[in-house]
Structures are given as structure tokens and as C-alpha cells.
Amino acid sequence: MNRTTLSLFAVTAALAAVTGLALVSVPEEAGADGAPAAARLPVERSGVLCPAPSDSDLADTVYSSFTPKSAGTAATGTARLTPAEERSTGSGKPKGTKGTGDSGTGKDGKGGKNANDTAPFLVPKEPGVQVTGEESGADAPALIGAAEGDLAPGWTVQQTTTVPAGQGRGVLGLACAAPDTDFWLPGVSTAEDRTDYLHLTNPDDAAAVVDIELYGKDGALKSALGDGIQVQPRASVPVLLSTLTEKPQADLTAHVTVRSGRVAAAVRATDARRGSDWLTPAADPAPALVVPGIPTDVTSARLIVFAPGESDAEVDVRVASPNGPITPAGNESLHVKAGMTAVVDLGDVTKGEAGSLLLTPKGRSAAPVVAALQVVRGKGDRQETAYLPASTAVGARATVAGNRAKGTALSLVAPGGAAKVRVTASAGSEGGEAVTETYTVKSGSTLLAGPPVPRGLKGTYALTVESLSGGPVHASRMLEAPDDGVPMFTVQALADDRGTVSVPDADQDLSVLQE
């Protein structure tokens, strides 16, 4: 056999350059043999996928792009958002568009896209500065984003849509996601009062093949209609979930798996009485989960939990209040049968205070679960709903874009030990200076922060949360835009931005054996 020796540093760096992959584990300490610990370097490429925002002619969508400043990056970089598929018809010239002669971008990176324009929709300029673009109407396309160089580490794009009237009324928000191959979406529905579209977006040059499974209170819903769904190259497909089942059923869990290729997955959920919002994938199955950022004035909260393993799960339910964990009366624990979805109504669980949900295994139970919370604000015919999936911790750094001077709230929860974080408000999209504040979150509590606002803010801005010390922190941001007495709002969790990749020392070699 011939032995070829490759530098592990070179292999890992090449993978990072191609995929934009960033490991979020803490670097290992030097081993007993004195081998140096792995270094962390900025990723060189990253990508995001944004679903088609709405099918309402009244919809106005704002895209907010931001990359935090990172040390050790390339001197320059590029980033752009382009339509996932060409549109044959359009709604005219979107806001902020100068025309096809300027690559589809307006002042300071703002942009829009003409119906037959294949130029980029949005072109960010530099790290530390948020740029925005706008679209109007029902024919706004899904978008595929790619960033390189100094714009890649931590790149985030927020999609926020406002629909003032009609069945799809509401503020619909989500962070455009990186492609993946496995998704859990507890809280979907095929009931008659819900219209849930699962949007699948493929960034690659080959078709993706996707399977969709639905699980209810009695287990899997038998149907072959969700098998082998093809998503064409660089295209987006909406799947109406009610077409996959014979009988309407509420409170389902969707499991989306990709046989070949990669996609992003998100559900646009429309309630006939309570508006609409995006239902995004929950954190991977685990025995303990955190759902951050329940609104203080929530009038109804409905917890949906699914046990994907072979064992039943016993889950303790607690609320991380401003003063520590409390147990909601009458809902201290939940039994979830294996392969089934369980639901519990928590009512106005926060009682006017800041709160997050803590799910922990009861007794010796170690069965993993996935979970999400459907929350409602308002009363009568002025109700509005949003979906809060269980989230991962912010890790080293997490960012959310598209914040406003008014109507923005940041929730920070420390499910374990007390923690200290730094929150930076970026310069505004149209002017202003960045501002930084430090917060300490008590163990088992939720801190509702009136987040920092840039000095002299013009436009919107990004918030970046960095862990400084202590235990893990979970975070979410709520945007609210009340309209005619309807408390329209949307909540997005913040996740580690995977802006760095763990790279072993150059002296460590990877030996590859060849015949």
C-alpha cells in the first residue's frame, strides 16, 4: 500500500472554504501528550435561504442583512441574495429599485427586483452595517443567499412581512436559514381552520428529494403522499400539508428528511381567526429543551411535544420567570408516548411577567423530545398568534437583524448557571453609531431587556449577543407592530451564528491509506 500524508489543517480549511461549516463545540484543551489545542478561524463561505414570503397582494416584505465584524477575516468579501427561480410575471417595480442598470440595488445596498431581472436582489456592502431591501405583493420570490470573505462569518438575513388585512393578516418573521437534511416542526396542523404550507428551498444545482412524515396524538398519519417530493435545482416548492392526509387534524409534528441534496424548511401557518406567522424548525431532539421569550401579555399558550424515540418521555414543565423557575399550577409534568404528539394548554402562563419555558426529564426519564409553543396575544376578534420553537443556545455569538427603535424586545434566559452576555446594537441601516451593553442573567431566570439602540439611529439595526461567562444562554427577539387594535407580532430565536470553524494545528497530520 502507498501512504499519502495530508495536513489535517489543510483538509479542514478546505472543507470550511467549500461548505462554510462551523463547529460550535468548545475547542479541546491540549492533551496529555502536549499536543496543541485546535484553533478557531472565521468561515470563508456561508449561505442562507429565504422562503417566498406571502401569497397576499397586500404584503410588504423587508429583508435585513447583517454580518458582525470578526477578527482574522479576509480583507474583503461579497454577499448577495438572488431569486430562487425566475418569475414570468410580477407586480411591477418594487420599492427601492433604481432599475436593471444598477444590479438591482438602491442606495446603501437597498434593493428590489423587477419581475424579469436576474440581477441580485440585495448586495450587502461591509461587516458591521445592516442593509435592507423591500418587496411588495404576492409574487415576491424565495431567495438564495451566498457570502464569502469578510461578509461570511455570522452572516444573517431577517425576512419580515406585514399583511394588514385578510386571512393571512399579521407580522410574519423568520431568520433565513442555512440548508440542512433533517427538520422537526412540532405545531403544524391540517385542521380546517388552519392553512399550513411547508416551503422547501433547494440552493444546489441538482434536484433534492424530500420525505414528509406527520405525527399526531395516535402516532404516524398513514400516507404515501409525502414521500419522494422533488425540489428542482435552485427552486422553492410550497407543500400544502392538508393535502397529505385524509382527515383534518390539529397539533401535529412534521418530520422532514432529505434523501438526496439539501434544503431549508419552514411552515407558513395561517389561522382563520388569529392571523399568520412562520413556524420554523425546532431544536434537535433532546431530553431537556428551552423555549425562550414568551410575551408578557400572552393570553393563551399551547405546548406541543413529540417523542421521536422508542421510549415514552416524562417531562417536567417549568417557567423561567424574572426571579427564577416556577411550576405552572396543574401543568407540572407531561407524559409523551413514543412516536406520538402530546399537547397541553398553559393559558396565560407568564401572568404579565417575562418568561421562558424549561422542559427537563422527570425522574430517570432520558427520552429525547422536540417541542414548540403556540402563543396568542389579544382577545376576541383582535387576536394574533406566533410560534416559538425550542431553541439552541446562542453559543459564542448570535445575531438577529431587522430591529426597530420601537416595538423590539430581547429575552435572555439562563437555564443552568448564571451568565453574563454582551449585547451590541449595530449602526443603523441609514445612519447611527453602534452601542454595547452588558447583562447578567440569573440562574433559571428570564431577563427581558429593552435592548440597546444605536445613537442617532436612522432606519433599522442588528443585535448581536455574545456569551462572556457562566452557563449557556438562550435568546429571542420579539417585533411588534400593532394595527387597528390587533397586537401583530413575531418572535425569532437567536442561534449560534457558526461564524468560526475549529481547525487543528498545522503540525497534526492526517494519514490517508491508498491501495
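# Reading buried residues, strands and rings

Visitor: Does glutamine 383 count as buried or exposed?
Guide: Glutamine 383 counts as buried, at 11% relative accessibility. Buried means under 20% relative accessible area, exposed means over 50%, and partly exposed lies in between (1.4 Å probe, protein chains only). This is a predicted model, in which local features need pLDDT of at least 70 and side-chain atom pairs count only at pLDDT 80 or more, while totals for chains, interfaces and linings use all residues. Residues are numbered from 1 along each chain as its sequence is written, and side-chain values use heavy atoms, with hydrogens and water left out.

Visitor: In which strand is glutamine 383 found, and which residues is it in contact with?
Guide: Strands (E, at least two residues) and helices (H or I, at least four) are DSSP runs, numbered from the N terminus. Glutamine 383 belongs to strand β27, residues 382–389. Contact means heavy atoms within 4.5 Å. Apart from neighbours within four places in sequence, the contacts of glutamine 383 include Arg169, Arg274 and Val486.
Guide: Another, of 2.8 Å, links the side chains of serine 65 and tryptophan 155. Serine 65 is found in strand β4, residues 60–66, and is buried, with a relative accessible area of 2%.

Visitor: In what order do the strands of the open sheet with β4 stand?
Guide: Two strands pair if DSSP finds at least two bridges between them. Here four strands form an open sheet in the order β6-β4-β8-β9, with antiparallel pairing. Strands β6 (131–136) and β9 (170–175) stand at the edges with a single partner strand each, so one side of each has no neighbour in the sheet. Neighbouring strands of this sheet are turned by 15 degrees against each other on average, direction ignored. Such axes are lines fitted to C-alpha atoms (for helices, over the stretch in contact), and angles run from 0 to 180 degrees between N-to-C directions.

Visitor: How many bridges join β8 to β9?
Guide: Strand β8 (residues 156–163) is joined to the antiparallel β9 by six bridges. Valine 163 has glycine 170 as its bridge partner in β9.

Visitor: How many aromatic pairs are there?
Guide: Rings of Phe, Tyr and Trp (its six-membered ring) pair if their centres lie within 6.5 Å; planes under 30 degrees apart count as stacked, over 60 as edge-to-face and the rest as tilted. By this rule there are three aromatic pairs. The rings of tyrosine 215 and phenylalanine 306 have centres 4.7 Å apart and planes at 40 degrees, so this pair is tilted. Tyrosine 215 lies in strand β12 (residues 208–216) and phenylalanine 306 in strand β20 (residues 300–306), so the pair ties together parts that are 91 residues apart in sequence. Tyrosine 215 is buried at 14% relative accessibility, and phenylalanine 306 is buried at 2%. Trp184, Tyr215 and Phe306 form one aromatic cluster.

Key:
A polar contact is a pair of N or O atoms within 3.5 Å; within protein, one must be able to donate a hydrogen and the other to accept it, and residues adjacent in sequence count only if both atoms are side-chain atoms.
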